[in-house]
Amino acid sequence: MTVAKRIDGKAKAADLAESITRETALLQKEHGIKPGLAVVIIGEDPASQVYVRNKKRAAESCGFHSIQHTLADDASQNEVLQLISELNDDDAIHGILVQLPLPRHLDELAITQAIEPTKDVDGFHFINIGKLTAGQTSDAFTPCTPAGCMLMIEDELGGDLSGKNAVVIGRSNIVGKPMASLLLQANATVTVTHSRTKDLPAVVAAADIIVAAVGRPNMVKADWVKPGAIIIDVGINRVGKVIDGEIKMGLTGDVDFDDVCSVAGAVTPVPGGVGPMTITMLMSNTLRSARLSAGLED
Ligand code: NAD
């Protein structure tokens with residue numbers, strides 16, 4: 001029985017963060033520029049608080065200028081737009097991120113589109129989405145999660161995916177669709193599947209690369225998987241898990257990791273796979289924004 005390689009996203013993210021930290025120090029020494037990241041959080045959602053804390057910590061450890069704006073749960077649309085406008089005009093800030101989801105009374109689309117595209121390090125602005133779709137990525141920002149997935153796929157298969165079949169499960173704007181664009185740009189033959197796809201296991205069975213971004217625990221099973229396939233598990237699901245003989249709440253992905261390990265070539269674990277890479281790609285995008293603002297090539 002083959003045992004799939006466990007792709008260590010945590011270790012890869014740590015390596016990448018180290019090189020971002022080195023490049024940040026160099027940028028400051030040679031050009032007097034310190035990458036600045038502003039994170040805006042609105043309301044008290046506990047999961048969002050954890051994500052924002054982790055992003056701030058990562059930014060500080062890379063040597064960035066890192067600021068956080070916390071607005072009350074009942075902040076008005078105008079208040080949020082005013083803050084974004086100030087951050088757009090602030091030369092010390094190269095990346096602006098508004099933590100989603102937003103309280104229901106706010107217009108998420110208007111808020112994400114108010115961020116200056118050159119500071120949109122989440123890659124959610126239509127200008128950045130359009131450039132990614134058109135393959136014009138030299139000055140565009142790619143959403144962090146698919147960008148991190150792509151680096152892990154490149155590590156396994158190289159940058160040219162000619163002749164490879166890739167199946168993306170999930171068609172969200174922040175993961176599935178940009179993931180499909182990146183895979184297509186790397187010459188893979190891409191199928192995007194979703195909740196209305198007929199006979200999903202049969203579609204997935206043709207894939208050399210599977211990216212699962214659904215939000216359904218352990219959905220992808222060994223009998224869906226072509227022998228040797230590379231599986232990237234984006235899903236984050238909170239479930240009861242047996243940890244040290246006790247049932248505790250833990251995280252699990254969309255892929256049944258233990259099951260697929262007997263068939264796949266390589267699999268990302270949850271936790272410790274895509275998650276750490278996502279945060280590091282945010283740092284990478286912010287450093288890149290700072291460099292581009294100074295007219296430095298990538
Ligand atoms: P989403 O809810 O916006 O999209 C889910 C997609 O899954 C939809 O396109 C839907 O059509 C598809 N889907 C639902 N049921 C399906 C089924 N039975 N078969 C096939 N497709 C089905 O979610 P999202 O924002 O793309 O996130 C997906 C998952 O990835 C979630 O678990 C989320 O928490 C996780 N996530 C992780 C990271 C990370 O950094 N690791 C980042 C973003 C999202």
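Let me start at the ligand. A backbone N or O atom of Val-234 lies 3.5 Å from one of the ligand's oxygen atoms. One thing to keep in mind throughout: this is a predicted model.

Stay with the ligand oxygens. Ile-236 also brings its backbone. A polar backbone atom of Ile-236 sits 3.0 Å from an oxygen atom of the ligand. Thr-278 uses its side chain instead. There, an N or O atom is 2.9 Å from a ligand oxygen. How much of the ligand does the protein bury? Taken alone, the ligand exposes 850 Å², and the protein buries 71% of that.

Now the wider shell. There are 20 residues around the ligand. Coming nearest are Arg-171, Ser-172, Val-234, Ile-236 and Thr-278. So much for names; what about classes? The shell has nine nonpolar residues, nine polar ones and two charged ones. Which helix gives the largest share of this shell? That is helix α10, residues 274-293, with three residues.

The peptide bond joining Val-270 and Pro-271 is cis, with omega about 0°. Most peptide bonds are trans. So where is the other one on my list? Look at Leu-100 and Pro-101. The bond from Leu-100 to Pro-101 is cis too, with omega near 0°. Pro-101 belongs to the loop between β4, residues 95-98, and α4, residues 108-114.

Leu-100 takes us to the cavity. By the rule used here, the count is one cavity of 30 Å³ or more. The largest cavity has a volume of about 50 Å³. Which residues line the largest cavity? They are Leu-97, Val-98, Leu-100, Thr-112, Ile-115, Asp-120, Asp-122 and Phe-124. By class, that lining divides into five nonpolar residues, one polar and two charged.

Asn-187 has a phi near 75°. That is a positive value, in a residue other than glycine. Most residues other than glycine have a negative phi. And where is Asn-187 found? In the loop between α7, residues 176-185, and β6, residues 189-193.

Last, step back to the whole chain. The domain assignment gives two entries. Domain 1 covers 31-116, and domain 2 covers 144-275. Taken over C-alpha atoms, the centres of domain 1 and domain 2 are separated by 29 Å.

How values were computed. Residues are numbered from 1 along each chain as its sequence is written. This is a predicted model: local features need pLDDT of at least 70, side-chain atom pairs count only at pLDDT 80 or more; totals for chains, interfaces and linings use all residues. Side-chain values use heavy atoms; hydrogens and water are left out. A residue is near a molecule or strand if one of its heavy atoms lies within 4 Å of it. A polar contact is a pair of N or O atoms within 3.5 Å; within protein, one must be able to donate a hydrogen and the other to accept it, and residues adjacent in sequence count only if both atoms are side-chain atoms. Accessible areas come from the Shrake-Rupley method with a 1.4 Å probe; for residues, only the protein chains shown count as cover. Helices (H or I, at least four residues) and strands (E, at least two) are DSSP runs, numbered from the N terminus. Ala, Val, Leu, Ile, Met, Phe, Trp, Tyr, Cys and Pro count as nonpolar, Asp, Glu, Lys and Arg as charged, and the others, Gly among them, as polar. On a 1 Å grid over the protein atoms alone, a cavity is a set of points where a 1.4 Å probe fits but cannot get out, and a pocket is an open set with protein on both sides within 12 Å along at least five of seven lines; lining residues have an atom within 4 Å of a point. Grid points are joined across faces, edges and corners, and a volume is the space filled by probe spheres set on the points. Domain bounds come from an automatic or database domain assignment.
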